[in-house]
Amino acid sequence: MAKRLKPIDLFLSVGLAATIGACGGAAPGDSEVSDGSSHSDMSHSAATTPGQGGEGGEGGEGGASGDPDVDYMTVLALMKGHLMVAEELMAAGQPEQAEPHIGHPVDELYGDVETQLSERNVPQFKGTLTELHDLSKSAPDSAQMPEQFKASVSAIDGAIAAIPADQRQSPEFVMAVINRTLQTAAAEYEAAIANNEFVEVIEYQDSRGFVLYADQLYQTIADEMSQSDPEAHETISASLEELKAAWPSVTPPATPVKSPEVVNGLVSEIELQS
């Protein structure tokens with residue numbers, strides 16, 4: 001039976017395929033593809049068709065951005081989303097549930113920006129993420145854990161800071177990252193549900209973290225958007241609030257608050273206003 005491909009794998013496959021085309025060179029993470037060591041299984045990229053729903057829909061219409069900076073920033077945004085939901089779970093006294101979310105940035109995502117970090121003169125931080133992941137498994141209640149968590153978040157922020165400030169503050173750029181992050185969240189949300197129940201808690205939590213970080217990103221441009229395009233700002237803000245209601249807590253509700261179709265519709269509404 002073919003391996004089930006996670007939405008996040010598909011995002012990486014499609015996004016990096018676009019980046020290859022945009023750069024005319026090899027994609028970051030190719031080395032991991034060749035030796036098969038990465039969980040982000042790039043060999044499945046041919047199975048992806050942008051614009052599809054379900055597991056193939058994380059890229060949605062924006063599955064191939066063609067912009068290396070957007071793809072780079074989106075991978076870092078997904079890392080931040082994972083750590084945001086992990087922090088919630090740690091605070092809720094559920095370190096065993098937090099552990100996979102702490103592991104995903106280094107196991108699933110890091111290889112896809114590793115080469116770019118050097119090209120952008122960003123210090124490598126795989127060791128920092130790995131140490132955090134190891135601690136989450138061996139000593140989640142240790143005094144080292146908060147410090148290592150802080151160091152990991154700081155390292156990701158440092159990688160984000162490698163993008164020029166004027167670009168990071170550009171509504172056009174930020175909305176492109178938000179759209180791709182939300183498309184991934186919508187696909188993860190859909191993958192979490194079967195027969196009107198959450199059957200994949202990790203996917204639900206992944207998608208919650210991605211939406212929370214997307215909302216945080218939007219706040220960085222909200223003032224400018226409210227001035228430059230008040231109508232779009234109002235729609236995006238309202239859609240984000242409605243979207244967040246689909247994830248009422250870090251633990252999934254007994255039944256979905258919103259159907260995947262409604263979530264996908266809200267994500268599309270935000271994209272239309274971008």
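Colleague: Which hand does the crossing of H4 and H6 have?

Modeller: The crossing of H4 and H6 is left-handed. Bear in mind that this is a predicted model.

Colleague: Why is H4 called roughly antiparallel to H6?

Modeller: Look at the angle. The axes of H4 (residues 95–109) and H6 (residues 126–138) cross at roughly 160°. Angles over 145 degrees count as roughly antiparallel. Therefore H4 is roughly antiparallel to H6. The two axes come within 9 Å.

Colleague: Which residues in H4 and H6 meet?

Modeller: From H4 come Glu 99, Ile 102, Gly 103, Pro 105, Val 106 and Asp 107. They meet Lys 126, Leu 129, Thr 130, Leu 132, His 133, Ser 136 and Lys 137 in H6. By type, the residues of this contact divide into five nonpolar, four polar and four charged.

Colleague: Now the rings. How many aromatic pairs are there?

Modeller: The count comes to four aromatic pairs. One of them is Tyr 189 with Phe 198.

Colleague: What makes the pair of Tyr 189 and Phe 198 edge-to-face?

Modeller: Two values decide. The centres are 5.8 Å apart, and rings pair if their centres lie within 6.5 Å. The planes of Tyr 189 and Phe 198 stand at 70°, and over 60 degrees counts as edge-to-face. Tyr 189 and Phe 198 are both buried.

Colleague: Why is the pair of Tyr 189 and Trp 247 edge-to-face?

Modeller: The ring centres of Tyr 189 and Trp 247 are 4.9 Å apart and the planes are at 65°, so this pair is edge-to-face. Tyr 189 is in helix H9 (residues 171–192), while Trp 247 is in the loop between H12 (230–244) and H13 (260–272). The two residues are 58 residues apart, so the pair links distant parts of the chain. Tyr 189 and Trp 247 are both buried.

Colleague: Which residues do ring pairs link into a cluster?

Modeller: Tyr 189, Phe 198, Tyr 204 and Trp 247.

Colleague: Last, Asn 121. Why does Asn 121 count as exposed?

Modeller: Asn 121 has 70% relative accessibility, so Asn 121 counts as exposed. The cut-off for exposed is over 50%. Asn 121 is found in the loop between H5 (114–119) and H6.

Colleague: What is phi of Asn 121?

Modeller: Near 60°, a positive value in a residue other than glycine. Phi of Asn 196 is near 60° too. Asn 196 lies in the loop between strand E1 (193–194) and strand E2 (197–198).

Key. Residues numbered from 1 in each chain as written. Predicted model: local features only at pLDDT ≥ 70, side-chain atom pairs only at ≥ 80, totals over all residues. Heavy atoms only, no water. Axes fitted to C-alpha atoms, helices over the stretch in contact; angles between N-to-C directions. Helix = DSSP H or I, 4+ residues; strand = E, 2+ residues; numbered from the N terminus. Parallel < 35°, antiparallel > 145°, perpendicular 65-115°, else oblique. Left-handed = near helix turned anticlockwise from the far one by under 90°. Contact = heavy atoms within 4.5 Å. Nonpolar A, V, L, I, M, F, W, Y, C, P; charged D, E, K, R; others polar. Phe/Tyr/Trp six-rings, centres within 6.5 Å; stacked < 30°, edge-to-face > 60°. Buried < 20%, exposed > 50% of the residue type's maximum accessible area, 1.4 Å probe, protein only.
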